[in-house]
Amino acid sequence: MGEMSLGAAVACLGAAVWLLGGRNSGARRAHLLLAGGGAVGAGPPDWRQMARELGRLRERLRAEWWAPVAGLVLAVLGSSVLPVVAGAAGVPVLRRVRLAREARRARERRGDAVIALCGALAGEVRAGRQPGEALMLAARDSGGLGEAQAAVLAAARFGGDVPGALALAARQPGAEGLSGLAACWRVAVDQGAGLAAGLDRLEGALRVERDQRADLHAQLAGARSTVVMLAGLPVLGLLLGAAMGAEPLRVLLHSGPGIGCLAVGGVLEGLGMWWALRIVRGAEAT
């Protein structure tokens, strides 16, 4: 067990050195030698450089990779390989959570860009510009078309099917409002209706929908916080047990009943979090 703990500690130290140094550590040392007159470490430390290094470390070490790091620390403290296995198993789960959060933020940003596009397009049309020219100017300023911007702008510039291109762009997550813009465009072109008035109504409807989603998200923030707090209670119990001298890691990792309780508790913890988050997601979907 002592050799295993020493090996885990060495692995932690090696991972930290690699993350802090990276592949360009030699070039960075050469830059310091040339910039500092050949004396590395002369003068006070550059706190801005240290902050940049910490920022690079945070970008390189994603949220899911903290799970194996925590597993290595617990493996050293508890002299067991079980935390390492649990930390490695938590990497795909945390990665899925992080990707889902990033996708939700990207969807919200795209929705805000569509609202800005509708407002900018209405303003350009009122200023007397032709719809195609107005769409090109508004799209460059707002970026609401996303990945389909090139196709939509090409259709607007060369007299193509602008509503069809907008309908295709509306398939992007968060850009569903572009389907309303396509309908407004089609009605304005085919029947001669006012495009600016339709865009104003569309922008107002999209803003109301966004505000409703934001209000619902704020109301469910308390439920999410409660789920996180309840998930952290077992960790608090372990810390209290360690403070009282009960050695909970030794009991959980080196005894049969402790391993059984750890397995059952982990399964119940996962099921509880899944069920609570399912209820929250159901409320959001409704």
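Student: How many aromatic pairs does a search of the whole structure find?

Tutor: Rings of Phe, Tyr and Trp (its six-membered ring) pair if their centres lie within 6.5 Å, with planes under 30 degrees apart counted as stacked, over 60 as edge-to-face and the rest as tilted. Here the search of the whole structure gives 1 aromatic pair. The ring centres of W274 and W275 are 6.0 Å apart and their planes stand at 50 degrees, so this pair is tilted. This is a predicted model, in which local features need pLDDT of at least 70 and side-chain atom pairs count only at pLDDT 80 or more, while totals for chains, interfaces and linings use all residues. Residues are numbered from 1 along each chain as its sequence is written, and side-chain values use heavy atoms, with hydrogens and water left out.

Student: Which residues form a nonpolar patch on the surface together with W275?

Tutor: Such a patch joins nonpolar side chains (Val, Leu, Ile, Met, Phe, Trp, Tyr) within 5 Å, each residue having over 30% relative accessible area and no salt bridge. V264, V267, L268, L271, W274 and I279 make up the patch with W275, and together they have about 760 Å² of accessible area, computed by the Shrake-Rupley method with a 1.4 Å probe. With buried meaning under 20% relative accessible area, exposed over 50% and partly exposed in between (1.4 Å probe, protein chains only), W275 is partly exposed at 47%, whereas L268, at 54%, is exposed. L268 is placed in helix α12 (residues 256–285), helices being DSSP runs of H or I with at least four residues, numbered from the N terminus.

Student: How should I read the salt bridges, and how many are there?

Tutor: Side chains of opposite charge can pair when their charged atoms come close. The rule asks for a side-chain nitrogen of Lys or Arg within 4 Å of a carboxyl oxygen of Asp or Glu, and the count comes to 10 salt bridges. One of them joins R104 and E108 at 3.9 Å, N to O; both residues lie in helix α5 (residues 82–126), 4 residues apart, about one turn of the helix.

Student: Which residue forms a salt bridge with D200?

Tutor: The partner of D200 is R126, with the closest N and O atoms 1.9 Å apart. D200 belongs to helix α10 (residues 195–243) and R126 to helix α5, so the pair ties together parts that are 74 residues apart in sequence. D200 is partly exposed at 30% relative accessibility, while R126, at 52%, counts as exposed.

Conventions: Patch = residues over 30% accessible without salt bridge, like charges linked within 9 Å, V, L, I, M, F, W, Y side chains within 5 Å. Helix = DSSP H or I, 4+ residues; strand = E, 2+ residues; numbered from the N terminus.
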